[in-house]
Structure formats: structure tokens, C-alpha cells
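Welcome, and thanks for taking a look at this one with us. Here is a short tour of strands, bonds and surface.

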Amino acid sequence: MIRRMLVTASAVLLIGGSLAAPAQAEEPEVEVTSSVTTARPGESVTVTVKLTNIHGFSVLQPRARLFSTPRALADYATLVSCTGAASCTAVNDGNGNPIGYQGALAEALGGFQTATVTFTLALKTDAVGGVETLRGELFGSNYATPLIDGPQLTVHTESDLSVNLTGTPRFGLLVPRVDFAVDIRNHGPNKVLNGTVTATLPPGVSATSSDCTVSGNQVSCPVTNLAPGAGKTVTYATPLRLLNIGLPYKFQAARTATDPTDVNAANDKSSVECTVVTAILVSCR
């Protein structure tokens, strides 16, 4: 008499009283992948939903469904096209409001077969920023999986970078200098992906910096991946010549570029005025 027993994916197959090799783990029923992790209003995102029927029966009228949480996908993205499906349509809630999208396969999904549907989405131009978790589902007339979490998609729309410039005089017998610090802070709501803060020097004044790039009378300081609430400080130094004792020098620093868009111009600039009083005294305010 031959006994056959298949247990879990990590168990073994017992045939005729002898042990066979361990059974392999089943593939996930739904896998969601995205072409990007960050997008902005108006940009396109490609999301792929891979379906695997891990059962011996066929799933009838199978559809690959795509949603997101905490916001409904259809609230901030529209369906441009899809591939791998006979047709693609919106999925509505109980009140007829679109909440996601689905691609209907042309045929039943047989036992242990796979299928892939790729959705091309466009973020709405008025999309609000936030972090969304993409979710997929295999949905048929005779079987459906629970919603499966996939990757996160960050919608970037706006940020608020502030700039504060301070100057600290350093005494020197022949050439006094001023050490400048530029405090840069992101007040949110989104991360600053890339940005530049530029300090402008008065005529005849030079600068040195290990944090920024100096070119002529411009000191350009990069800002990358600055999270909401986070800040950074960059520094540069300027020697002040004694030929202009008593004359004020005005130094300025300003945000000159940010991605995403900065929505508050009121805190984008800062300035300091320094005066060489004597050979060993510099005043900054």
C-alpha cells in the first residue's frame, strides 16, 4: 500500500515510507511593483500586478486590481493605459465613486498559472502630497484574495525651506575675517529632494568654504534629501580688507531652487551687515 501525504510548504513528502525532498514554498498570489517610489503631480507611474493561482482549480473571470491606502488611488491618480489585460476599468465603491483600477484577463486563470497586468497612471495636477501604500488583489467570480500591500509611493507637491544667515567676526591684525553660518530648515510638509541656497558677497569680497561651491561673488550650497522638520548648517568664511574701514558690507543668503516647490517665500532670504571698525574690530548685525 502506498501512502502519500503533502503537508505545509516547509514539510516533506512521504512516499512509500521514505522521505522525499522538501516541498518548495508557494509563490505569493499577488505581487505589486512600481517603477518609482516618488512622483509629482503630472508625472506618470507604472505599476505592475503579478497574479499567481496557487490552487488546482481555475479562477474564473480573473481581474488584477490595484488600490492604495490611506487614500483611494483614484483620488490622486488617473488610469492612462494598461497591458496584459483584455480591458481595464475603474473600481467603484458602494456609492459609485472610483477608488482604484482593474485589468480583466481574457481567459480564466488556470491552476498554478501566472498573469501580469501593468497599469500606467498619471498623478493628477492637483494631487495633494502624502505617502501611499499600493495594494493589489486577485479578484474572480469564484475566488478572491485579500488586499496585499505592495511598495510605498510618495506624492511630492510642496515644501517650505527657511534660510537664516549669521556672521561671527574673527579678529586679525592685518586681515580680519567673518565666519558665516547658513542655517537651512525644511518646515514641510514634504521632503526637499534637491535645492540650492546661494550666498551673495559684496563687491571685492572673496570667500572660502568646504560645504559650498564658490564662484565669483556667489557661494552655492546644495540641499538634498532634507526631511520635514530637519535642518542643516553650512559655513563659509570671508576676509575683510582694511582699505574700507568704516564702510558696511552687506551679505545675503537666499533659497534659489527647491524640488518640490517652496510655498513660503517670506522665509527664503536672510542678510547680515558687517563693518570693519578698526584693524582688530569687526561688527556684524
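## Salt bridges

A salt bridge here is a side-chain nitrogen of Lys or Arg within 4 Å of a carboxyl oxygen of Asp or Glu. Please keep in mind that the model is predicted. Asp179 meets that criterion with Arg170, their closest N and O atoms lying 3.0 Å apart. Arg170 has a relative accessible area of 38%, so this residue counts as partly exposed. Searching the whole structure gives 13 salt bridges.

Another of these links is between Arg65 and Glu137, with 3.8 Å between the closest N and O atoms. This pair connects distant parts of the chain: Arg65 sits in strand β7 (residues 63-69) and Glu137 in strand β12 (residues 130-139), 72 residues apart. Both Arg65 and Glu137 are buried. Arg255 and Asp262 also form a salt bridge, with the closest N and O atoms 3.7 Å apart. Asp262 is buried because its relative accessible area is 11%, and the cut-off for buried is under 20%.

Strand β17 (residues 192-200) runs antiparallel to β21, and seven bridges join the two. Within the sheet, Thr200 stands opposite Gln252 in β21. Strand β21 (residues 248-259) is in turn joined to β23 by seven bridges, again with antiparallel strands. Two of the facing positions here are Phe251, opposite Val272 in β23, and Ala253, opposite Ser270 in β23.

Between β18 and β19 (218-226) there is a loop, and Gly216 is found in it. Is Gly216 buried or exposed? Gly216 is exposed, because its relative accessible area is 63%, and the cut-off for exposed is over 50%. The C-alpha atoms of Gly216 and Val205 are separated by 9.2 Å, with the two residues 11 apart along the chain.

## Disulfides

A disulfide is a covalent bond between the sulfur atoms of two cysteines. How many disulfides does the model contain? The count comes to three, using a cut-off of 2.5 Å between the sulfur atoms. When the bonded cysteines are numbered in sequence order, they pair as 1-2, 3-4, 5-6.

Cys82 and Cys88 are bonded with their sulfur atoms 1.7 Å apart. The torsion about their S-S bond is about 105°, so the Cys82 and Cys88 disulfide is right-handed. Cys88 has 22% relative accessibility and therefore counts as partly exposed. For Cys212 and Cys221, the sulfur atoms are 2.1 Å apart. This disulfide of Cys212 and Cys221 is right-handed because the torsion about its S-S bond is about 100°. Cys212 and Cys221 are both buried.

Cys274 is joined to Cys284 by a disulfide with an S to S distance of 2.0 Å. The link of Cys274 and Cys284 is right-handed, with 110° about the S-S bond. The pair links distant parts of the chain, with Cys274 in strand β23 and Cys284 in strand β24 (residues 281-284), 10 residues apart. Cys274 counts as buried because its relative accessibility is 0%.

## A nonpolar surface patch

Which residues form a nonpolar patch on the surface? They are Phe171, Val277 and Leu281, and together they have about 290 Å² of accessible area. Val277 brings us back to the sheet, as it is found in strand β23 (residues 269-278). At 38% relative accessibility, Val277 is classed as partly exposed.

Conventions: Residues are numbered from 1 along each chain as its sequence is written. This is a predicted model: local features need pLDDT of at least 70, side-chain atom pairs count only at pLDDT 80 or more; totals for chains, interfaces and linings use all residues. Side-chain values use heavy atoms; hydrogens and water are left out. Patches are made of residues with over 30% relative accessible area and no salt bridge: like charges are joined within 9 Å, nonpolar side chains (Val, Leu, Ile, Met, Phe, Trp, Tyr) within 5 Å. Accessible areas come from the Shrake-Rupley method with a 1.4 Å probe; for residues, only the protein chains shown count as cover. Helices (H or I, at least four residues) and strands (E, at least two) are DSSP runs, numbered from the N terminus. Buried means under 20% relative accessible area, exposed over 50%, partly exposed in between (1.4 Å probe, protein chains only). Two strands pair if DSSP finds at least two bridges between them.
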